[in-house]
Amino acid sequence: MAGGQSDNDKRQPLWSNGGYNTQSELYVFMKAVVGARKQMIGVGDDTNFDVLVADDGARVFAFVRGSTVVVTSISGGGGEQTANFAASRLPSPMQPDGTKLCDTLSSGSTYVSNGNVAIKLENGLPGLYTKC
């Protein structure tokens with residue numbers, strides 16, 4: 001770039017100069033994803049994770065890494081989809097009945113009940129669940 005700017009000036013994030021709306025839907029979503037990623041970085045070897053398939057035949061997969069569960073649908077599309085997983089397949093802090101699990105990508109949450117957890121996905125969007 002011309003203009004005599006230092007190299008650091010060329011790499012400034014938009015939001016630090018007041019030019020980015022930190023209340024926008026995209027910013028809030030990326031902040032949640034980056035925050036969850038930072039939590040997952042310290043869990044050891046980042047190439048290992050468990051893959052779960054919903055127990056009820058729903059076309060939903062869950063990827064477990066450390067104490068985080070990423071839930072995604074392979075059926076796509078809109079609407080609401082609920083998948084049931086045995087709590088025994090989740091990280092141990094999430095297994096006891098009554099444990100509240102929060103989706104860090106939305107305001108959604110669910111509870112472990114009778115050894116199972118029902119996770120809702122809306123409009124084909126993924127969920128990123130941690131113990132509340």
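Reader: What makes up the lining of the largest pocket, by class?

Author: By class, the lining of the largest pocket has 10 nonpolar, 6 polar and 4 charged residues, where Ala, Val, Leu, Ile, Met, Phe, Trp, Tyr, Cys and Pro count as nonpolar, Asp, Glu, Lys and Arg as charged, and the others, Gly among them, as polar. Please keep in mind that this is a predicted model, in which local features need pLDDT of at least 70 and side-chain atom pairs count only at pLDDT 80 or more, while totals for chains, interfaces and linings use all residues. Residues are numbered from 1 along each chain as its sequence is written, and side-chain values use heavy atoms, with hydrogens and water left out.

Reader: Why is it called a pocket, and how is its lining defined?

Author: On a 1 Å grid over the protein atoms alone, with a 1.4 Å probe, a pocket is an open set of points with protein on both sides within 12 Å along at least five of seven lines, and lining residues have an atom within 4 Å of a point. The largest pocket holds about 450 Å³ of space, a volume being the space filled by probe spheres set on the points, which are joined across faces, edges and corners. Of the 20 residues that line this pocket, D103, L105, S106, L125 and P126 are the closest to its centre. Helix 1 (25-41), strand 6 (109-113), strand 7 (116-122) and strand 8 (127-131) are the elements that give two or more residues to the lining, and strand 7 gives the most, with 5 residues.

Reader: What makes a run of residues a helix or a strand, and how are they numbered?

Author: Both are DSSP runs numbered from the N terminus, a helix being H or I over at least four residues and a strand being E over at least two. On that basis the protein has 1 helix and 8 strands, in the order α-β-β-β-β-β-β-β-β from the N terminus on.

Reader: How do you know that strand 4 and strand 7 pair, and in which sense?

Author: Two strands pair if DSSP finds at least two bridges between them, and strand 4 (residues 80-86) and strand 7 have 7 bridges in the antiparallel sense, with E80 standing opposite E122. Strand 6 and strand 7, which also run antiparallel, are joined by 2 bridges, and S113 stands opposite N116 there. These two strands form a hairpin with 2 residues between them, and N114, which lies in that loop, has a positive phi of about 50° although it is not a glycine. Strand 2 (residues 60-65) and strand 3 (residues 68-73) run antiparallel with 6 bridges, and in their hairpin G66 takes a positive phi near 60°.

Reader: Which residues of strand 7 are on its covered face, and which on its uncovered one?

Author: The covered face has V117, I119 and L121, and the uncovered one N116, A118, K120 and E122. In a regular strand the side chains alternate between the two faces of the sheet.

Reader: What makes the link between C102 and C132 a disulfide?

Author: A disulfide is a pair of cysteine sulfur atoms within 2.5 Å, and the S to S distance of C102 and C132 is 1.7 Å, so the pair meets the definition. The torsion about the S-S bond is about 115°, so this disulfide is right-handed. The pair links distant parts of the chain, with C102 in strand 5 (residues 100-103) and C132 in the segment after strand 8, 30 residues apart. C102 itself is partly exposed, with a relative accessible area of 22%.

Reader: Where does T99 lie in the chain?

Author: T99 lies in the loop between strand 4 and strand 5, and a polar atom of its side chain lies 2.7 Å from the backbone oxygen of P96.

Notes
Buried < 20%, exposed > 50% of the residue type's maximum accessible area, 1.4 Å probe, protein only. Polar contact = N/O pair within 3.5 Å; in protein donor to acceptor, adjacent residues only side chain to side chain.
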